[in-house]
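This briefing concerns the packing of helices and the pairing of charged side chains. The sequence and structure are shown here for reference.

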Amino acid sequence: MDWSHLWLYVSPPILGGVIGYFTNDIAIKMLFRPYRAIYIGGRRLPFTPGLIPRNQERLAKNISDTIMGSLLTPEELQNLARRLLKTERVQAAILWLLQLAIEQVKADKNDKSAKVVAGILRDLLGESLPRLLKVLARQEDFLEVQINQIFDQVLLELQLSEEQATRLADWLLEVVLPPDILRQAIVDFLTDRTIQIVDESFREKTSGTYWVVANLFGLRNTLSRLRTFCLDEKEATNTRLQELIQDLQMRDRLKKILQNLSLQNLPIGTVRQLRKTTRESVRHYLQTSGSDLLQGLTDSVNWENIASLLLNRLSASPVVSSSLEVVSLELALILERYLEKDLEAIVAQVIPILSIDQVIVDRVKSTSPADLEAAIEGIVKNELQAIVTLGGVLGFIVGLFQTGFLFFNNL
């Protein structure tokens, strides 16, 4: 063998390796570059722009179809939702929201929360409750147990104390039955017809000595003179009546009567009938006038002040703070039971709403070719370099085969 021709045997492997290496490298670069089409003389050069920039829209659609068809399937989204919506995570999220709401109420400087709660209370008591009360009051047993309980525990055991009886007796004698009213009552009672009836009754029903007095003198004269005296001598009559009230100790008698006044002293049948009448009266009043009562009460109450006091009390209440965990757990369990039954339907409705496939398409289409190249190279950089290296190795092997073929032909 002529060693002067050694380069004929060495150059094929070297050239094959170099060509294979750089050919693959250029091919990979041509996937992304050039980023834009190049025109010469009004004609676009072939292979410009690169394969991926030229087909970026179709690539975005294929990526979206691949992800939605193989990776983010409805079943996989359901599993993901189950992992995200575990009871512990949901409870923690709800507890955080409740605590945040409490803190927001505490920090509310504009009383917005108070205004909202005031509106709710106003609507509840002034609008919703009257309509509900009118409907419920039509039932025969409406508030039967409650009214009976109030009657038995309050009204039935109600009895005036000595001071209360004294004040009530004074009020009756000074306001309800003063001497002037008693005098007028006597005048109104002693009409000619009443005097005649009293006189005739006295004559007929008396006997013995009283019969003699009744038939000889009668009561007509006496009663007529009493009426005339009350009419003509008003001041003197009032003075006599006042003296009579004091002499008869009417104040003490009334006080004793009022102190002994109690429903327990009435017969059982009367008490039962009174309780029934009380219940029916309350039910009838609520049915006919309950709405007006609640409406008037609503208009007269400062609901914003009440709502503010209520919110301040609730926000500082240890009961509310200790109940947040229990409430959040119950809400989480309710949500879990709901999701167990309807998770598949919810996910089926959420997928079109989220439009994940369109989001992927739009994101890929809006990414510049340079960013897309950098992203892909960041993912498969080692694999792309391996392809380039493999091209060089394959070119070198092909060159070795060519060197072997030349060597055996020259033997």
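The points below are grouped by topic.

The model is predicted.

**Helices α10 and α12**
- Helix α10 spans residues 192–205 and helix α12 spans residues 220–232; their axes lie 9 Å apart at an angle of about 150 degrees.
- At that angle, α10 is therefore roughly antiparallel to α12.
- The crossing of α10 with α12 is right-handed.
- On the α10 side the contact involves Asp 192, Ile 195, Gln 196, Val 198 and Asp 199, which meet Arg 220, Leu 223, Ser 224 and Arg 227 of α12.
- The residues of this α10 and α12 contact comprise four charged, three nonpolar and two polar.

**Helices α9 and α12**
- Helix α9, formed by residues 179–189, crosses α12 at roughly 135 degrees, and the two axes come within 9 Å.
- The two helices, α9 and α12, are therefore oblique to each other.
- Here α9 passes α12 in a left-handed crossing.
- Arg 183, Ile 186 and Val 187 of α9 make the contact with Leu 226, Arg 227, Cys 230 and Leu 231 of α12.
- By class, five residues in the contact of α9 with α12 are nonpolar and two are charged, with no polar residue.
- Arg 227 of α12 is listed in the contact with α10 and also in the contact with α9.

**Helices α9 and α13**
- Helix α13 consists of residues 234–247, and its axis lies 9 Å from that of α9, at an angle of about 110 degrees.
- Accordingly, α9 and α13 are roughly perpendicular to each other.
- From α9, Pro 179, Asp 180, Leu 182, Arg 183 and Ile 186 meet Lys 234, Thr 237, Asn 238, Leu 241, Gln 242 and Ile 245 of α13.
- The contact of α9 with α13 contains five nonpolar, three polar and three charged residues.
- Arg 183 and Ile 186 of α9 take part in the contact with α12 and in the contact with α13.

**Salt bridges**
- Six salt bridges are found in a search of the whole structure.
- Because Glu 162 belongs to helix α8 (residues 162–176) and Lys 255 to helix α14 (residues 250–260), the pair ties together parts that are 93 residues apart in sequence.

**Annotated transmembrane regions**
- According to an unreviewed UniProt entry, the annotation "transmembrane region" covers residues 6–23 and 386–408.
- In the model, residues 386–408 are 100% helix and 0% strand, and the end C-alpha atoms of this span lie 33 Å apart.

Terms used
Residues are numbered from 1 along each chain as its sequence is written. This is a predicted model: local features need pLDDT of at least 70, side-chain atom pairs count only at pLDDT 80 or more; totals for chains, interfaces and linings use all residues. Side-chain values use heavy atoms; hydrogens and water are left out. UniProt positions are given in the numbering used here, feature names are shortened, and annotations may be inferred rather than shown by experiment. Helices (H or I, at least four residues) and strands (E, at least two) are DSSP runs, numbered from the N terminus. Axes are lines fitted to C-alpha atoms, for helices over the stretch in contact, and angles run from 0 to 180 degrees between N-to-C directions. Angles under 35 degrees count as roughly parallel, over 145 as roughly antiparallel, 65 to 115 as roughly perpendicular and the rest as oblique. A crossing is left-handed if the near helix is turned anticlockwise from the far one by less than a right angle, and right-handed if clockwise. Contact means heavy atoms within 4.5 Å. Ala, Val, Leu, Ile, Met, Phe, Trp, Tyr, Cys and Pro count as nonpolar, Asp, Glu, Lys and Arg as charged, and the others, Gly among them, as polar. A salt bridge is a side-chain nitrogen of Lys or Arg within 4 Å of a carboxyl oxygen of Asp or Glu.
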